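Here's a quick briefing for anyone meeting this structure for the first time.

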Amino acid sequence: MKTLFTHGHFFAPQSLNAQDDNVFAECLVVENDKIVYVGAQENAPTADDTVDLQNRLVIPGFIDGHVHIMNFGQSLGRLSLLDCTCLEDIRKVIKSFAEAHPSAPRILCRGWMQSSTNGIALASMLDDLDPRPIQIESFDLHSCWCNSAALEEMGVYTAQDPAGGTIHRDENRRPSGLLSENAMMEIVWPFLLKTATLEDMMHALRLAFAAYTEAGYTGLVDMAMEDNMWAVLKPYYEQENPPFHIAAHWLVPFSEDQEANFTHVDRAIQLWHEFNPATSPHFCITGIKLICDGVVDGCTAALTQPYGNRQDPVEPIWPVDMLRAVVQRADAAGLQCAIHAIGDKAVKQAIDVLGEVGTPGRRHRIEHLELTAPEDAKRLGQLGITASVQPVHSDPVILRAWPDLIGPERCQRAFAYKDFAEGGAKLAFGTDAPTAAHLPLPNLYNATTRRSAMEPESSQTTNEHFGLGLAEAVTAATEGAAYARFAENWAGILKEGCRADFVVLDMQWNAEDLLEGKVCETWFAGKRVYATK
């Protein structure tokens, strides 16, 4: 059965460099789950049915190129502290929540901005609120602030600092309340997975995928897969058949024991042989994920020069020889490497290693790229490295502590997307949810206007000269994200022969109006899977 979609503006640029005023087709024809025609209506094939889109905008289904889908689903049931601007706000919100939920075994919070407490996070600041364990995830998911009951419950008082992570301690070497970097991945996340039931996790995935479908997504790339999560995601996908294509990168947490690192790589290789983009394109392992530094707000991103309040620069988490060996092992097996690198020193290390041992065509990618030297920005394209970025992290509201932390001069190199694109790098957009909102239109707003989607009334910008055009940004959020997970031949684009995944938007084609845009319908494989009520 053929369906003609008409009276819409169908985003179908003829090249990645298309200008914003020449990117639309008049109609779209779908047969079963495939697009069979995009173009002028006078040349469209005869259809069995017609859908009038009432002058709305149609673009390929969004693909979140970097998300933590289980964490996102679980976060939907956690107390948000994002609107809290000081310790008093945080305490008041948690106290009120605790009183309203007396039967909850623990109080789990999210969205803490370190700057709201001047970077101070002590158990003693929370202990009098409630006797139950209290965990507060930082906005960037790289730290967890705990009360004493939570530290006790997780066994932190007797734990050693994991490699690449820190259990912050007082003058007596007793854990003081904050766990950061690899301590999150090695202590907090495994504990939360262990305490969650299978039905809890399945429910979290249902919530997550429903929210993503409503937002206009038809695909995603999970960026921290491991065995416990895989054991839930795989049966969920097989049993519930969500309207999504899913790719994942297997997390290789840093260990000083290189054989332990190789064990994680070998597990990814094992799964890749069965679930790879060629043999299992809609549900696959594409490669490994490596975390080479932390975040600027936590003063853990690896920078060439020290933070303003420190004398020594922060070094990357991975020693270069160990990183090189892990990348080489994965690359030799055919896997793609995704490397988290936020600070300029970590970015340079990642580019150097990928340039040395990466095989052309593997589509290795660097995640975040928040501070880059001009020469390294150019090297991305030269080496075929995908710039996997999350514009929502560039919102001026969440960068207000940066000038004090790294100085105004270094801030001028933040989120240099235009440099990446002009250097020939492929851009792939994601949101890094739940570290930030998963919604695609505010993400595009940040990428294009460089203004705040969180405080639209503000005129503050983040390096406006690095902003992208709207067509360029939409391409990065669709075709670019598809390319980064080897799906550009069948997803992320409105083209004959591709799968009919698209989203219908009620909005003007203008970057300034993105925050006013509304998702009307989401279509997956030729079927409408969401419609506004």
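Strand β10 runs antiparallel to strand β12 (residues 175-181), and three bridges join the two. Keep in mind that this is a predicted model. β10 itself covers residues 143-146, and it also pairs with β9.

**β10 and its partners**
- On the β12 side, Ser143 stands opposite Ser180.
- Strand β9 (residues 134-138) pairs with β10 in the antiparallel sense too, over three bridges.
- In that pairing, Ile136 has Trp145 of β10 as its bridge partner.
- β9 and β10 make a hairpin with four residues between them. Leu141 sits in the turn and has a positive phi of about 65°.

**The two faces of β10**
- In a regular strand, side chains alternate between the two faces of the sheet.
- Is β10 covered on one face or on both? Both: Ser143 and Trp145 are buried on one side, and Cys144 and Cys146 are buried on the other.

**The whole chain**
- The protein chain has 15 helices and 22 strands.
- Its radius of gyration is 23 Å, close to the 24 Å from the globule rule for 533 residues, so the chain is as compact as a globular protein of that length.
- Along its principal axes, the C-alpha trace spans about 80 × 55 × 50 Å.
- Buried residues account for 60% of the 533.
- Of the contacts between residues at least 6 apart in sequence, 72% link residues at least 24 apart.

**Surface and charge**
- The accessible surface is about 21,200 Å², with 48% belonging to carbon and sulfur atoms.
- The chain carries 42 positive and 71 negative charges, and their mean positions lie 2 Å apart.

Definitions and conventions: Residues numbered from 1 in each chain as written. Predicted model: local features only at pLDDT ≥ 70, side-chain atom pairs only at ≥ 80, totals over all residues. Heavy atoms only, no water. Rg over C-alpha atoms; globule rule 2.2 N^0.38 Å. Buried < 20%, exposed > 50% of the residue type's maximum accessible area, 1.4 Å probe, protein only. Contact = heavy atoms within 4.5 Å. Areas by Shrake-Rupley, 256 points an atom, 1.4 Å probe, with all protein chains shown as cover. Lys, Arg positive; Asp, Glu negative; His and termini not counted. Charge placed at Lys NZ, Arg CZ, Asp CG, Glu CD. Pairing = 2+ DSSP bridges.
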